[in-house]
Amino acid sequence: MLQILIQGLLLSGLYALIAMGFTLIFSIGRVLNLAYGAYLMVGGYMYFWVSQTLGMPKLLGVAVAAVLGVLMGFLKYRLIVKTLKGDHVAVEISTLILAVVIQAGIVLVFGDSSKILLPIVPGVINVAGASVTYNILIATLISWAILLGLFAFVRLTHTGRAMQAVSMDAKGAAISGIDPDRINLITWGISGALGAIGGVFFASYTQLSPSMWVAPLIISVAVVIVGGIGSILGTLVVAHIIGFLEVIVVATLAPELRGVFTMLLIIGVLVTRPQGLFGREEL
Amino acid sequence: MGLRWFHFALWGGLIVGMLLLPQVVSNGTLRTMIFANYLAIFAISWDVLSGRTGYVSFGHPFLIGIGAYTTAILTKRFDVPVEISIPVAVLFTMIAGLLVLLPALRIRGSYFALVTLAFMELLYQLVQVIRPDLTGGTRGMSGIQTLTRGAANGYYLSTTLMLTIAVSMWLLMKTRLGTALSAIGMNEESVRGSGLSTTRLKAFAFLTSAMIAGLGGAFYVHYLGSLAPRALFDINFLFTIIVAALLGGTSTIIGPMIGAFFMTFLLEYLRPVLPGAERYFVYGAIALLLYMYQPKGLVELVRRGFKSLNKGRTA
Amino acid sequence: MMKTALLSGTCIALMASAAGAEIKVGFIGSLSSDTGLSTLRGAEVAIEELNANGGVMGQQITLVSADTGQDPTEGVRAYEYLAETEEVDFIISGSIDDVSLGWLPRMQEYRIPTLDTWTSYIGIIDMVVEDPESMAPYFMNIASDEALATLYINFGADVLKEKMGWDSVVILAEDTAFGEAITGLVTEALAPVAGIEVKDIITYDVATVDFAPIFSRAQDTGADFIYQVSSVNSQVVSSQYVKLQVPMAMTGVNVSALGMEYWEDTGGAGGGISTLSPIPSVGFKLDPASQAFVDTYQAKYDSRPLLPHFNGFNAYHGLKQAMAAAEEAGGFDNVEGWADAMKKQDLVLEMDGQLWLRYAFWGDDEVEPVTGRTYPHNIRFDLSEPFDDAAPSMVVVQWYEDGTAAVVYPEKYATGEFTLPSWVKQ
């Protein structure tokens with residue numbers, strides 16, 4: 001029981017970190033960034049290249065990944081979202097194509113075979129009969145720290161409040177002197193950084209492979225659907241629902257049905273409560 | 001109805017041209033055309049649902065997969081003749097189409113796209129877990145009965161199927177029903193306001209789309225002779241279908257056809273130049289650039305070209 | 001009518017003689033995976049050597065490759081491309097299971113002699129048994145998975161039970177057809193043959209992110225060790241096992257640990273893992289002929305895979321055998337003749353005066369004594385000591401925590417000892 005609690009908390013922390021960048025874009029720009037999983041993939045591979053292939057410090061690896069994530073976010077906003085003038089469907093489709101292109105690019109540069117990241121913090125402790133690696137513990141703690149930081153940023157800073165305003169009503173915000181373009185650009189940058197950092201941790205849980213972008217995308221999609229248009233707290237809550245559901249299914253029911261239950265949850269929520277569990281909330 | 005004699009002349013020319021093709025081109029090219037034909041069918045099917053009504057589906061392989069799996073299981077495991085198994089497969093796919101319709105009654109836009117993606121993922125996981133003795137599990141099935149042998153025969157069959165579907169869809173879209181469907185895509189509220197039942201219209205679009213997907217999926221699997229869940233319920237497969245429809249031009253019939261042929265031949269002609277992973281990279285990049293440049297598709301480019309030509313003549 | 005037929009007949013004959021100056025080999029497989037590249041390069045080295053010796057039937061051999069991207073539908077198109085656009089005479093394949101299953105109907109249609117070097121799926125050999133006529137052009141020169149699993153049971157009896165004293169096992173199997181097949185065989189045979197009780201079978205989803213709950217479940221069964229069956233995303237299971245320092249021994253099938261790049265890819269987080277491997281594997285002592293192949297290979301290529309995987313050896317020896325068979329049958333056009341000649345190929349590679357590797361095929365009606373079934377068109381393997389009829393179907397490879405690897409079973413091929421990770425208490 002305690003084991004499930006611990007393992008559930010750890011996995012949910014990771015899921016919250018993964019989904020945050022995706023919900024952020026959805027809530028501010030109202031578009032689905034289907035290339036979101038590619039941030040995670042590029043972040044993970046970048047970290048691998050810097051820290052494991054070049055042998056540089058790990059922190060530098062995370063930093064380079066995050067910077068690259070911001071850059072990708074900026075580029076995506078400037079080159080795709082702006083060009084298509086915010087046409088949602090067009091943005092969604094082009095990001096899907098982009099994801100497939102990035103996947104091909106990764107195969108081109110790193111090859112097909114999957115790679116494993118060394119633990120970012122090595123070591124393992126035993127808590128109540130459950131083995132917990134420091135790596136996962138740190139991932140969860142960092143995930144919480146990032147989410148709290150983001151929450152504080154949105155609530156307390158001028159830019160953050162402007163983001164809230166754009167999320168609620170872009171036109172109204174523009175009238176009151178906020179430049180939605182700038183806010184959008186910042187949001188895409190933050191989302192890219194969150195994705196890239198999430199990718200480093202996700203990859204240190206699992207592996208690096210050219211198709212690794214799909215799984216986190218599905219997790220993010222699940223969080224957005226179940227939660228409704230995401231608030232930061234809503235994302236945190238829903239990530240826990242999905243994380244715990246998964247751990248409970250794996251630990252007590254049938255591990256092979258892990259993904260099936262998540263999909264059923266998505267479809268169930270969409271059919272019965274299309275606005276999501278938390279409806280449309282402010283950021 | 002907006003039917004003009006030259007429409008029929010164009011269709012007639014296309015049909016005759018396509019049927020005479022095996023006399024001119026090599027078998028290798030015919031094989032590529034067969035894949036292009038099936039992709040065109042899937043793209044037309046996607047367009048009926050998503051291009052017209054604006055309900056963007058990210059789960060089209062779900063429908064195609066139901067059709068393909070139904071006929072594959074019936075013929076391979078229960079020795080049902082294809083004359084029965086294909087109609088049954090189409091029926092099953094239409095039932096599945098109603099399943100996709102359920103969420104569309106309440107949600108639209110991005111949420112609808114996401115739920116269809118979830119449908120595809122769910123089926124992908126289910127066919128591997130439930131009754132692998134029937135579905136073949138993760139490995140899929142091989143040695144499924146094929147309807148034709150040889151490139152030319154496969155080409156004739158797929159071309160006939162594709163052209164029949166294309167012409168019937170074209171005629172259908174010329175009716176008031178077709179106009180109403182497109183109107184849903186533009187403004188669902190006003191369609192409802194004009195006293196039409198949007199639910200019925202949507203049900204019609206979804207069922208038609210599912211029927212085409214089922215037909216295409218069933219014939220496709222009997223052409224391939226094998227099926228693998230990893231290739232069928234795959235984001236890359238979905239990507240090809242959607243991009244074919246969009247690159248060609250949505251809400252037209254000829255658009256998805258052009259898009260499908262363009263995508264298939266692009267990938268095939270890159271093979272001798274770039275045999276390895278570069279091929280998919282270049283192929284994807286070209287698709288992305290073209291789409292960014294003209295989201296309305298190749299048809300729009302052609303139309304504009306004609307317009308400026310006409311302008312030049314009158315001036 | 002007559003005239004045109006005659007005309008086109010001469011045309012074809014003319015074209016055939018013009019194109020007949022060379023023998024065209026097609027490679028089908030993934031060009032960006034270690035697996036695919038091993039087969040491709042094995043074939044390239046063999047072709048270079050054959051051409052240097054004057055080619056086959058006085059003709060030079062050329063190679064064209066078609067990438068599958070490991071996608072079954074792309075595999076069908078790649079096969080069609082080789083058959084109809086390139087019109088190859090022979091196809092060598094480094095395809096994985098479902099890709100091979102995808103293009104098999106095309107092979108039956110075109111009837112091009114085809115040699116598979118990677119997939120070991122017994123279902124394909126079953127197709128040869130059921131329909132020998134249409135499967136005539138097909139050969140597989142890796143021991144089928146059933147043979148792999150059968151010999152693995154002996155490892156359970158000889159090492160796990162006898163030497164380590166383990167009595168019970170929990171099976172950790174991925175939810176794939178491969179996992180199911182191997183698990184079925186192992187579960188059925190472990191108790192009666194090796195006397196090891198199967199406490200539980202845990203099947204998991206291949207996309208599982210976190211294996212902690214699964215390892216907890218495995219520990220709760222109280223079994224002596226974990227038997228893992230993993231072909232997809234295998235590195236995730238083994239690296240989490242190492243990262244979590246699961247205090248329980250684990251062995252089994254881990255497809256990712258079959259190549260030398262395993263250590264680099266896991267950043268060293270792969271020590272203590274042992275796996276069943278087809279032969280020749282990492283840490284395998286090579287006979288002079290195979291060693292010469294590796295030397296040429298390493299002089300020629302400096303990118304990964306630095307050491308060819310087992311299928312690279314299969315492609316190298318197998319391609320030469322296919323060419324020898326063609327020489328005997330007067331080309332590849334007469335498929336039955338070629339297949340008969342292929343079945344007669346027999347390459348025995350010796351090491352210190354004893355049989356080490358053997359590239360030969362089972363006779364159509366020959367019954368393998370241990371499993372009691374036939375394996376037509378499958379490479380000949382031996383399932384019992386002293387392995388004097390053919391090489392064993394598999395060996396067990398052990399990765400040590402210092403990054404070296406060795407063969408630990410069977411005895412005859414062993415270069416190291418079966419060990420447990422340092423954190424597992426005996």
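User: What makes a residue count as buried, and what percentage of chain C is buried?

Analyst: A residue is buried if 20 or more other C-beta atoms lie within 10 Å of its own, exposed if 12 or fewer, and partly exposed in between, with C-beta atoms placed from the backbone. Of the 426 residues in chain C, 58% are buried. This is a predicted model: local features need pLDDT of at least 70, side-chain atom pairs count only at pLDDT 80 or more, and totals for chains, interfaces and linings use all residues. Residues are numbered from 1 along each chain as its sequence is written, while chains are lettered from A and ligands numbered from 1 in the order in which they are written.

User: Is Phe387(C) buried or exposed, and why?

Analyst: Phe387(C) has 21 C-beta neighbours inside 10 Å, so it counts as buried. Its place is the loop between E12 and E13 of chain C. Most residues other than glycine have a negative phi, and most peptide bonds are trans.

User: Which peptide bonds of chain C are cis, and how do you know that?

Analyst: Omega tells. It is about -5 degrees between Arg304(C) and Pro305(C), and about 0 degrees between Glu385(C) and Pro386(C). Pro305(C) lies in the loop between helix H11 (288-300) and helix H12 (310-329) of chain C. Pro386(C) lies in the loop between strand E12 (354-360) and strand E13 (395-399) of chain C.

User: What makes a helix or strand here, and how many of each does chain C have?

Analyst: Helices (H or I, at least four residues) and strands (E, at least two) are DSSP runs, numbered from the N terminus. Chain C has 13 helices and 14 strands.

User: Why is chain C called as compact as a globular protein of its length?

Analyst: The radius of gyration is taken over C-alpha atoms, and the globule rule is 2.2 Å times the number of residues to the power 0.38. For 426 residues the rule gives 22 Å, and chain C has a radius of gyration of 22 Å, so the term applies. Its C-alpha atoms fill a box of roughly 80 × 45 × 45 Å along the principal axes.

User: Why are E2 and E5 of chain C called edge strands?

Analyst: Two strands pair if DSSP finds at least two bridges between them. The open sheet of 5 strands has the order E2-E1-E3-E4-E5 (chain C), with parallel pairing. Strand E2 (60-67) and strand E5 (138-140) each have a single partner strand, so one side of each has no neighbour in the sheet.

User: How do you know that E3 and E4 of chain C pair?

Analyst: Strand E3 (residues 90-93) and strand E4 (residues 114-116) of chain C share 3 bridges and run parallel. At least two bridges are required, so they pair. Ile92(C) stands opposite Leu115(C) in E4(C).
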